[in-house]
Amino acid sequence: MLTSFEGLYRNGQIKIGDLPSGIPDGTRVIVTFLNSGGIDLESLGINKADAQILRSSLFTFAEEWDSPEMSIYDNYDAAKKR
């Protein structure tokens, strides 16, 4: 069985966010480094003009989306189980 989780690599160490429960000590892991570059919108069929329209229309949501109250959705699946 494979279990995935997210973390960050800083100063030579991997910082893990929310570790899944029930993982026994000594379990082998595979670490995959993801490209931290931007998203290739053209490969998704979005040109520069479309991207600008999307950016400007979604801009109004940014303040609410980044508010502390929205952090409950950072780990939605765990919150949903409660």
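Biologist: What makes up the lining of the largest pocket by class, in nonpolar, polar and charged residues?

Modeller: In this predicted model, the lining of the largest pocket has 16 nonpolar, six polar and two charged residues. The pocket itself has a volume of about 990 Å³, and of the 24 residues that line the pocket, Phe5, Glu6, Ile30, Val31 and Thr32 are the closest to its centre. Strand 1 (7-10) and strand 2 (13-16) are the elements that give two or more residues to this lining, with the largest share, three residues, coming from strand 1.

Biologist: Why is phenylalanine 5 called partly exposed?

Modeller: Partly exposed covers what lies between buried, under 20% relative accessible area, and exposed, over 50%. The relative accessible area of phenylalanine 5 is 39%, so phenylalanine 5 counts as partly exposed. The residue sits in the segment before strand 1.

Biologist: Which residues is phenylalanine 5 in contact with, leaving aside its neighbours within four places in sequence?

Modeller: With heavy atoms within 4.5 Å as the criterion, those residues are Ile16, Asp18, Leu19 and Pro20. Taking aspartate 18, the separation from phenylalanine 5 is 13 residues in sequence and 7.3 Å in space, C-alpha to C-alpha.

Biologist: How many of the residues in the lining of the second largest pocket are charged?

Modeller: Five are charged, alongside three polar and one nonpolar.

Definitions and conventions: Residues numbered from 1 in each chain as written. Predicted model: local features only at pLDDT ≥ 70, side-chain atom pairs only at ≥ 80, totals over all residues. Heavy atoms only, no water. 1 Å grid on protein atoms, 1.4 Å probe; cavity = no way out; pocket = protein on both sides within 12 Å on 5 of 7 lines; lining within 4 Å. Points joined across faces, edges and corners; volume = space filled by probe spheres on them. Helix = DSSP H or I, 4+ residues; strand = E, 2+ residues; numbered from the N terminus. Nonpolar A, V, L, I, M, F, W, Y, C, P; charged D, E, K, R; others polar. Buried < 20%, exposed > 50% of the residue type's maximum accessible area, 1.4 Å probe, protein only.
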